[in-house]
Amino acid sequence: MPDTPGDFDYEAALAACAAGDRQAMHRLYQQEGARLLGVALRIVRQRALAEDIVHDACVNIWTRAASYDPRRGSARGWIYSVVRNLALNAVRDAGRHVDVDDTTKQALEADMSVQAHHEVEETFALNASLGRLQHCLEALDPARRNCVLHAYVDGCSHGEIAERLGAPLGTVKAWIRRSLVSLRECMA
Amino acid sequence: MTDQRNTPSTPSPEDLSVLAGEYVLGTLPAAERQGVQQRLPGDKALQQAVAEWEARLLPLTQLAEPISPPAVLWARIDQSLRAASPQQTATPVAPPRAETKRKPSVRWWDHLGLWRALAGSGFAMAAVLAAVLVTRTAPVAAPPQFMVVLVAPHDKAPGWVVQASSPRQISLIPLGMAEVPADKALEFWTKADGWSGPVSLGLVQPGQPLQIPLDKLPPLQPNQLFELTLEPPTGSPIGKPTGPIQFIGRAVKVL
């Protein structure tokens, strides 16, 4: 599977990591560090914790690079799954009572204001770079689409999504399941 | 739809896909999430379903704004990489090999929260928090009895950590690459309350960890001072610090 962005060879980087090449890990970090931190911060909502997650993820990637199996997916996807799993484990294990620090809160609120300004109906700006997924997400009705996006991007639990969308919990759960079925069919 | 957690019978491909999808989305409650993680290593169908969802949804990572990490984050990661060898196995279940004994057990200085505390608080509070956090880590061999965070005097940026697993031996661990002028060296000193002056623990290479026996000194005490000063390349000519303090901190007893 071709990896993006650019010409960075993620598979080669992981192979070099498995061989103990710290420079390869550094290049990988330079390539993806900012995006990984962004992904982690959206989920855990605390800057310092997000940095801890990226630290732990890099150590994980470094020590487990040899276990990456190209048959199971792209190297870049594997790297993101390590970060997202650590971030999600952190927020789920903590019972999700996360105090958002002030700086992050301001950043998130600013972010949300910008989003609200750009699109009244849509919480998330989708664009062509999402490829086939964009088409399939747009085929969902907006509330269901937002369930998926709040879950994946913001690390929201069922309850938090229900709160954000002002929808009953059971409805949100059903929306998510049906969205998953629809997305799977659409992307097949 | 029924809960599949405790059902050993084969779930339908659709149920499996929804379970994997919710796992990748992150919406599974903690217990179910752990259940999936425990099943994954031995369940090829689930592995496949999870991998498919990871690939399908990966483009959504673009919706999170990138955030430039602070420079110290890489220094911290690099420090941890040096302590953790890649596991030379093709599969995660292969038996451990002799040379992988330095496997990546998370050390206390990697623990979540320690660096948060150091970065965000005054030094004394950081040391206290760190000590508390140390006691909450998974058990490791010989937990440190004392720890010292050596910070730059002007901006309190942590530069080195001292840990002592026994009162007779300490480890000095760099958190980054300290900058030392070419014609100078870093010299490591300690002074406990009641001593007439600091005692040299020798020269230190920037960025290099160091083990130091304390066999000629009294056992470590709480509040014992540690510092790194800038000295001539062969060390202080008079056996006492002569140059500016680069990093300084006091020992905290770990509960």
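Modeller: Gladly, and please keep in mind that this is a predicted model. Let us begin with strand β4 of chain B, residues 185-191.

Biologist: How many of the seven residues of β4 in chain B are buried?

Modeller: A residue counts as buried if 20 or more other C-beta atoms lie within 10 Å of its own. By that test the strand is largely enclosed by the rest of the structure, because the buried ones among its seven residues number five.

Biologist: Which strand is joined to β4(B) by seven bridges?

Modeller: Two antiparallel partners can be named here. Strand β5 (residues 199-204) of chain B is joined to β4(B) by five bridges, and B:Trp189 has B:Ser200 as its bridge partner there. On the other pairing, B:Lys191 is bridged to B:Leu225. The strand with seven bridges to β4(B), also antiparallel, is β7 (residues 225-231) of chain B.

Biologist: How many helices and how many strands does chain B have, and what share of its residues is buried?

Modeller: Chain B has six helices and nine strands. Of its 255 residues, the share that counts as buried is 34%.

Biologist: Why is B:Val50 called buried?

Modeller: B:Val50 sits in helix α3 (residues 44-57) of chain B. Beyond its neighbours within four places in sequence, it contacts B:Ala20, B:Tyr23, B:Val24 and B:Leu40. The C-alpha atom of B:Ser17, 33 residues away along the chain, is 7.7 Å from that of B:Val50. B:Val50 is called buried because the number of other C-beta atoms within 10 Å is 24.

Biologist: Now to chain A: what elements is it built from?

Modeller: Of the 188 residues of chain A, 43% count as buried. Among contacts in chain A with a separation of 6 or more, 61% are between residues 24 or more positions apart. As for its elements, chain A has zero strands and nine helices.

Biologist: Which residues does A:Ile53 contact, beyond its neighbours within four places in sequence?

Modeller: In general, nonpolar side chains tend to be buried together in soluble globular proteins. The contacts of A:Ile53 are A:Ala40, A:Val44, A:Val83, A:Leu86, A:Ala87 and A:Ala90.

Biologist: At what angle do the axes of α1(A) and α4(A) cross?

Modeller: From α1(A), A:Tyr10, A:Glu11 and A:Leu14 meet A:Ala75, A:Arg76 and A:Ile79 of α4(A). By class, this contact has four nonpolar, no polar and two charged residues. The two axes come within 7 Å, and they cross at roughly 65 degrees.

Biologist: Last one: which element gives the largest share of the side of chain A that touches chain B?

Modeller: The contact between the chains takes 56 residues from chain A and 51 residues from chain B. On the side of chain A, 30 are nonpolar, 15 polar and 11 charged. Elements giving two or more residues to that side include α3 (47-64) and α9 (169-187) of chain A. The largest share, 11 residues, comes from α2(A).

Notes. Residues numbered from 1 in each chain as written. Chains lettered and ligands numbered in written order. Predicted model: local features only at pLDDT ≥ 70, side-chain atom pairs only at ≥ 80, totals over all residues. Contact = placed C-beta atoms within 7 Å. Helix = DSSP H or I, 4+ residues; strand = E, 2+ residues; numbered from the N terminus. Buried ≥ 20, exposed ≤ 12 C-beta atoms within 10 Å, placed from the backbone. Nonpolar A, V, L, I, M, F, W, Y, C, P; charged D, E, K, R; others polar. Axes fitted to C-alpha atoms, helices over the stretch in contact; angles between N-to-C directions. Pairing = 2+ DSSP bridges.
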